[in-house]
Amino acid sequence: MREKGELGEFLRSRRARIRPEEVGFASGSGQRRVPGLRREELAHLAGVSVDYYMRLEQGRNHSASDAVLGAVADALRLDQDERDHLFRLARPHSVAGTAADGEGTRPAVQQLLDWISAPALVMGRRMDVLAWNRPVCGLITDFGRLPVRQRNLPRLHLLDPTIGGRYPDRDMIAREIVGQLRIAAGIVPDDPALWELVDELKAGSAEFRRHWSQHTVRTKAYGHKRIDHPELGSLTLSYEITRFPQDAELSLLVYTAAPGTPEDKALHSLAR
């Protein structure tokens, strides 16, 4: 595992965001060296011994039950994404390589993309672009002309000034990228290519560094994205992300627009 302290860092970051008085502890009781809850306070709220919780935070307790992890999650007021992330970090395991490692996709997946008239692509767990259709090349970039390593949405959004500069909501995009990569790190903690990507993004993007240090964890299955396209102008597009049931690490991303809007006309022009 690249970061053996990942579980501890995540738990400490979540303890730090809870004010003691919010959960019934006096904020002035004793000298507090760090913000938020102390370990013993969190252990009390979760109904476990301080020693047990300390071993969990130090990554020395891989036998924690669902009930204990659930109690810790409740005490930390974790949302569903964060709760799932806690369970994955507490029970690390390796996953065999798949198409998400950059080996491509099934031919039928490319056929599906070619039949979709809206901009669409398929990405792996590290947000590598593994397959795409012609409209998405017109919207983002011609992925076929890029080296395989550069066919990666985080690199394009946060490290490529030509493409990244088209997205006005850079901080939001960085937050979503961190949320996805944190989840990927929880699923496959010993993926060297993932940690190489993380190091590269931390070195090149202040927004990424900030959200990574905050242990942002978030799945994003739909939303809106603003794009200042060099030919089509300013666009606000809807997007949907779905997974393939038998290829769980692959995600299909499709951009759409409401009928009759300027964005709708712009997407139709890309399809033509």
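Two rings of Phe, Tyr or Trp (for Trp, its six-membered ring) are taken as a pair if their centres lie within 6.5 Å, and a pair counts as stacked if the planes are under 30 degrees apart, as edge-to-face if they are over 60 and as tilted for the rest. The structure is a predicted model, in which local features need pLDDT of at least 70 and side-chain atom pairs count only at pLDDT 80 or more, while totals for chains, interfaces and linings use all residues. Residues are numbered from 1 along each chain as its sequence is written, and side-chain values use heavy atoms, with hydrogens and water left out.

A search of the whole structure finds four aromatic pairs. One of them joins Trp 132 and Phe 143, whose ring centres are 5.8 Å apart and whose planes stand at 45°, so that this pair is tilted. The pair links distant parts of the chain, eleven residues apart, since Trp 132 belongs to strand β2 (residues 129–132) and Phe 143 to the loop between α7 (134–139) and α8 (153–159); helices (H or I, at least four residues) and strands (E, at least two) are here DSSP runs, numbered from the N terminus. Accessibility is classed with a 1.4 Å probe on protein chains only, buried meaning under 20% relative accessible area, exposed over 50% and partly exposed in between. Trp 132 is buried with a relative accessible area of 19%, and Phe 143 is buried with a value of 0%.

The rings of Phe 208 and Trp 212 form a stacked pair, because their centres are 5.5 Å apart and their planes lie at 15°. These two residues are four residues apart in helix α12 (residues 206–213), and are therefore separated by about one helical turn. An α-helix has 3.6 residues a turn, so residues three or four places apart point the same way. Phe 208 is buried at a relative accessible area of 0%, and Trp 212 is buried at 4%. Ring pairs also bring in Trp 195, which forms a cluster with Phe 208 and Trp 212. The charged end of Arg 182 sits over the ring of Trp 212, 3.6 Å from its centre, where sitting over a ring requires NZ of Lys or CZ of Arg within 6 Å of the ring centre and within 35 degrees of the ring normal.

Phe 208 and Trp 212 also meet Leu 181, a residue of helix α10 (residues 170–187). Leu 181 is buried, with 0% relative accessibility, and its contacts (heavy atoms within 4.5 Å), leaving aside neighbours within four places in sequence, include Arg 125, Arg 126, Leu 194, Leu 197 and Leu 201. Leu 181 and Leu 194 are 13 residues apart in sequence, with 7.9 Å between their C-alpha atoms.

Strand β3 (residues 222–229) holds His 224, which is exposed at a relative accessible area of 51%. Not counting residues up to four places away in sequence, His 224 touches Met 172, Thr 236, Leu 237, Ser 238 and Tyr 239. The side chains of His 224 and Ser 238 are joined by a polar contact of 3.4 Å, that is, a pair of N or O atoms within 3.5 Å of which, within protein, one must be able to donate a hydrogen and the other to accept it, with residues adjacent in sequence counting only if both atoms are side-chain atoms. Tyr 239 has the charged end of Lys 225 over its ring, 5.3 Å from the ring centre.

Thr 236 and Leu 237 are also among the contacts of Glu 263, together with Ser 234, Leu 235 and Ala 257, when neighbours within four places in sequence are left aside. Glu 263 lies in helix α13 (residues 262–271), and its side chain reaches the backbone nitrogen of Thr 236 at 3.1 Å. Glu 263 is buried yet has no salt bridge, the nearest side chain of opposite charge being Arg 226, 9.7 Å away. A salt bridge is a side-chain nitrogen of Lys or Arg within 4 Å of a carboxyl oxygen of Asp or Glu; for charge, Lys and Arg count as positive and Asp and Glu as negative, while His and the chain ends are not counted.

Backbone angles complete the tour. Most residues other than glycine have a negative phi. His 215, in the loop between α12 and β3, has a positive phi near 55° and is buried at 4% relative accessibility.
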